[in-house]
Amino acid sequence: MRCESKRFLLLYATQKGQAKAIAEEIWQQAGAHGFEADMHCMSEMDKYNLETEKDPVVIVISTTGTGDPPDAARKFVKKIQDKTLPPDHFAHLQYGLLGLGDSEYMFFCNGGRIVDRRLQELGAQHFYDTGLADDCVGLELVVDPWIDGLWLALTEALQLQKEKEGMNSAVNPVSSSLSTAPHAVHELKLSSEVQNLKLEDEGAKGSDILSQKVDDINIVAPARDAKPSLVHSVPPVSQSALNIPTLPPEYIEVEFQDTQGENPHLSSLTSEGTTFEVPVTKAVQLTREDAIKTALLLELDIADTAYEYQPGDAFCVICPNNVSEVEELLHILGLSEKGDDFVYVKVKQGTKKKGASHPQHIPERSTLRFILTWCLEIRAIPKKAFLRALVECTSDVGEKRRLQELCSRQGASDYTHFIRDSNVCLLDLLHAFPSCKPSLSLLIEHLPKLQARSYSVSSSNLYQPGRLCFVFHVVEFPAGPSRPVSRKGVCTGWLADLVAPLLHPSKNSLDTKREISLIEKISIFPRPNNAFHLPGDPSVPFIMVGPGTGVSPFIGFLQHRQKLREQHTDWEFGETWLFFGCRHQDRDYLFKQLLCFLENGTLTHLKVCFSRDSSTAEVAPPKYVQDLLRLCAKEVARVLLKERGYFYVCGDKKHMADDVSDAIVDILSMEMETDKLEAMKVLAMLRESKRYLQDVWS
């Protein structure tokens, strides 16, 4: 059933580019389905108006930080959260929302949930069920079927809108939509499944899906015992007709120039406000050489800047890609001799890409090497749209087929296993598929912005005026079947190389003077944490749980508390608990300074455990911080329930924070003599009241 107008408003809010890429995919598919998608970033509030919008609205929104909407959605969220808005403010609005998140983090898809919940409170109605996609298991598992079902839902929503407009004025449009909407949603679920089957069976005639049969290419039959890999497939994928995405339209043009000049300043690479260039004045390796992971402490001199922070805050480091990887990429692209040439990047004239604009993270004019070093995330895991574009740059028939498989519906499992879970990047693909020769413009179109890396502050400006410290593990990615060489983390590897002279100073006095005179500087900008701070009332007790480098923000907490105790001897201070764990006491006990805090009374209780140390004791000592918590169950419950204390957790989400949360539920259940469900409700209340706080990463 067709409507005269098949327009819908498409809004996206992205932090790292994923929501934008998905919105662009929806925009591309819309044309094939006969719709007109009016696409805008949510921040472009001068280009759309929900107060007067009559057509359906589709929203794609990600989540950032500790469950916040992305920066691009801040103004929008602030506007709709105005408490003076009436409950029928958006009663005219019908919308569908796709939220992106990562279930490794506590507030899964919270950016989307915030917008969804508020629109509902203001009277807006769903024309399509909300989708919540999980980057932990693969966004496409929800995104692909959600987009498939969108077209039928839009058709029905527009038809309903047309019928409402033609109704007699005596009919109440609100009651009409309420009575019809559930039926539409029910039909959507059934009909979209039938539609998907037809698309598969008919080869997706006239849609955004393309089919290619195995007979069209000449492939050597695999051996019976062959196993799939990044470059090799097995049945049924190798024998399937493939449903692959539409080829994204080209929209970037690059011109090489013979002129000279200077590259942009690093401060121009971020829109986060003030950037500070500060010297690294100290570097200490906190772990022994034989530790499984290397932990470094760096001290920055912020004395001559306006930089301010509180213990518990985070900050971001602007970092470059690895020099050798940039040179390797230049070599593969055949541009080694042009690395220092200036390039002019502009939007391709006549492009079919909707709303094509110059990428904000790419300077209009800079050297090629600058773009590959400071602007593009060359380590990013390639999205399926990128793989689809790389197909067109590949000359070998077998390699072309495999790339098609990896971006197809049929190859979804292979994509997850061999690309996503294996952390494969562009360089890995170019090594695995040597006949693939992408253009520079294609890389600029598909590689996301090189993101600044976030770190927790591990100091107190009260304790160390003019200094900012932070701690990190040097991340290691071992070589594997899909990655021929081992690599270090983009930022942690760069920082480790940068401070190597401070860690291993030369014994030659002349060299030492030279090293001191060449102190390295890094560019940083603040990322304040609105919640992960010390209690406002110093008499309130608190518990800190931080194994490994998760202890770093608590060093700042304790430094700050020590200074307050020295300055305010008449104040009452609550007790402090720290639960710390590491693998080996003699290899990676990061801060022996903790014992000093214990001795001077700043830290009331210190509980430590060592997971890999062997013991000859009759009763085995606790291995993990959650075990320590259970041993102190009565005290933990007392602090949280009777004394209304705070509980802080910092560190690895996947292998620690969830286990700590489970331990707290067990403790509350046992000490309150109630069931786990009731204990979980109490924990939820602690989270809600900002007394159970997490600073975690995956």
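Colleague: In which sense do E12 and strand E19 pair, and over how many bridges?

Modeller: As a general idea, strands of a sheet pair through backbone hydrogen bonds, either parallel or antiparallel. Here E12 and strand E19 (residues 521-527) pair in the antiparallel sense over five bridges, where two strands count as paired if DSSP finds at least two bridges between them. Ala-314 stands opposite Arg-527 in E19. Strands (E, at least two residues) and helices (H or I, at least four) are DSSP runs, numbered from the N terminus. This is a predicted model, in which local features need pLDDT of at least 70 and side-chain atom pairs count only at pLDDT 80 or more, while totals for chains, interfaces and linings use all residues. Residues are numbered from 1 along each chain as its sequence is written, and side-chain values use heavy atoms, with hydrogens and water left out.

Colleague: Which strand do four bridges join to E12?

Modeller: Four bridges join E12 to strand E15 (residues 453-456), and these two run antiparallel. In E15, Ser-454 is the residue opposite Cys-316.

Colleague: How many residues of strand E12 are buried?

Modeller: Buried means under 20% relative accessible area, exposed over 50%, and partly exposed in between, with a 1.4 Å probe and protein chains only. In strand E12 (residues 314-318), five of the five residues are buried, so the strand is largely enclosed by the rest of the structure.

Colleague: Which residues lie on each side of E12?

Modeller: In a regular strand the side chains alternate between the two faces of the sheet. For E12 both faces are covered, with Ala-314, Cys-316 and Ile-318 buried on one side and Phe-315 and Val-317 buried on the other.

Colleague: What is the order of strands in the open sheet of three strands?

Modeller: The order is E9-E13-E14, with antiparallel pairing. Strand E9 (252-257) and strand E14 (365-367) stand at the edges, each with a single partner strand, so one side of each is left without a neighbour in the sheet. Six bridges join E9 to strand E13 (residues 342-347), and Glu-253 stands opposite Lys-346 in E13.

Colleague: How many residues does helix H22 have, and what should they span?

Modeller: The expected span of a helix is 1.5 Å times one less than its number of residues. The 13 residues of helix H22 (residues 676-688) should therefore span 18 Å, and its end C-alpha atoms are 18 Å apart, which agrees.

Colleague: Which residues of H22 are buried?

Modeller: The buried residues of H22 are Ala-679, Val-682, Leu-683, Leu-686 and Arg-687. They cover an arc of only 145 degrees around the axis, which puts them on the same side of H22; the arc is that of the directions from the helix axis to the C-beta atoms. They pack against helix H20 (633-642), helix H21 (653-672) and strand E24 (692-697), where contact means heavy atoms within 4.5 Å. The face of H22 turned away from its buried side carries the exposed residues Leu-677, Met-685 and Glu-688. Just after H22, Lys-690 takes a positive phi of about 60 degrees.

Colleague: Does Glu-53 count as buried or exposed?

Modeller: Glu-53 is found in the loop between strand E2 (36-41) and strand E3 (57-61), and at 9% relative accessibility it counts as buried. Not counting residues up to four places away in sequence, Glu-53 touches Arg-7, Leu-9, His-92 and Leu-93.

Colleague: How many helices and strands does the protein chain have?

Modeller: Its secondary structure comes to 22 helices and 24 strands, and buried residues make up 51% of the 698 residues in the protein chain.
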